[in-house]
Amino acid sequence: MTTKNASMLLVLAPLLLAACDVSFIEGAMNDGGASDPADPPGESGSIDTAGSGSSGGDAEPGDALPAVALTRAQMEVLWDRYWESQGDVGGSSSGSGGGPALDPDDLFLRASDLGVSCGSPTTHLTCGGHWALSIVLPSAYQQVGVYDLEDPALVSYSHMSETGEPYSPRPDDCPWGGGSFGPGTLEILSIDEAEVRFRLSVGSLWETDPSGEYTAPRCP
């Protein structure tokens, strides 16, 4: 877990995305799409995903789905509302300090074996080998193609978390790891204004394996 925790520090460091230097493994152009404002937050429930998933139709705020897609602007709204609900008015996720402005059109692909929703900015992981991930695509990467998960433009804000088997009956008493994906690929199979279909292949850095094919409806 030491290596994973160390890599988490790298993920959290604010880095400037190189939007003009896209590292294709292979691919072709396809039309992406912007999304509408986010809906109020709510927590996702348990869902059987086992490393791959699909869903049809529009994603709703309370639905627990294997994967969803939403923009950075939508995520910031969800985080702002979350912190307000916690009584922390200073917890805004919007740009702070003297760093560069983040692109509101960055696309977040979120997935978890416990399910994710359009109404919550995060998924709480309980003990027992559960996982959650977020892959952040700059605008230039929002097209059909195969991308290296170690591409600096993806590593900058993408991350994965997992839990291990419990040490005791206490629900949060277990090992936890989080950080960048390590070796692997992300293949965008199709992308439009309704959904994003993608295939994920993750290496052996993690004990759990989220590899598989997903359909992520775009959040309203």
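This is a predicted model: local features need pLDDT of at least 70, side-chain atom pairs count only at pLDDT 80 or more; totals for chains, interfaces and linings use all residues.

Colleague: How many disulfides does the structure hold?

Modeller: The structure holds two disulfides. One is formed by Cys-118 and Cys-219, with sulfur atoms 2.1 Å apart. The other is formed by Cys-127 and Cys-174, with sulfur atoms 2.2 Å apart.

Colleague: Are Cys-118 and Cys-219 buried or exposed?

Modeller: Cys-118 is buried, and Cys-219 is buried as well.

Colleague: And what about Cys-127 and Cys-174: buried or exposed?

Modeller: Both Cys-127 and Cys-174 are buried.

Colleague: Which parts does the pair Cys-127 and Cys-174 tie together?

Modeller: Cys-127 lies in the loop between β3 and β4, while Cys-174 lies in the loop between β6 (159-163) and β7 (176-179), so the pair links parts that are 47 residues apart in sequence.

Colleague: Is the disulfide of Cys-127 and Cys-174 left-handed or right-handed, and why?

Modeller: The torsion about the S-S bond of Cys-127 and Cys-174 is about -90°, so that disulfide is left-handed. For Cys-118 and Cys-219 the torsion is about -85°, so their disulfide is left-handed too.

Colleague: Now to the strands. How many residues of β2 are buried?

Modeller: Seven of the seven residues of β2 (residues 65-71) are buried, so this strand is largely enclosed by the rest of the structure. β2 pairs with β3 in the antiparallel sense over six bridges. Within this pairing, Val-68 has Arg-110 of β3 as its bridge partner.

Colleague: Which residues make up the two faces of β9?

Modeller: The covered face of β9 (residues 195-202) consists of Val-196, Phe-198, Leu-200 and Val-202. Its uncovered face consists of Glu-195, Arg-197, Arg-199 and Ser-201. In a regular strand, side chains alternate between the two faces of the sheet.

Colleague: Which residue stands opposite Arg-199?

Modeller: Glu-187 stands opposite Arg-199. β8 (residues 184-191) and β9 pair in the antiparallel sense over seven bridges, and a hairpin joins β8 to β9 through three residues.

Colleague: How many bridges join β9 to β10?

Modeller: Six bridges join β9 to β10, and these strands run antiparallel. Glu-195 has Pro-217 in β10 as its bridge partner.

Terms used: Residues are numbered from 1 along each chain as its sequence is written. Side-chain values use heavy atoms; hydrogens and water are left out. A disulfide is a pair of cysteine sulfur atoms within 2.5 Å. Buried means under 20% relative accessible area, exposed over 50%, partly exposed in between (1.4 Å probe, protein chains only). Helices (H or I, at least four residues) and strands (E, at least two) are DSSP runs, numbered from the N terminus. Two strands pair if DSSP finds at least two bridges between them.
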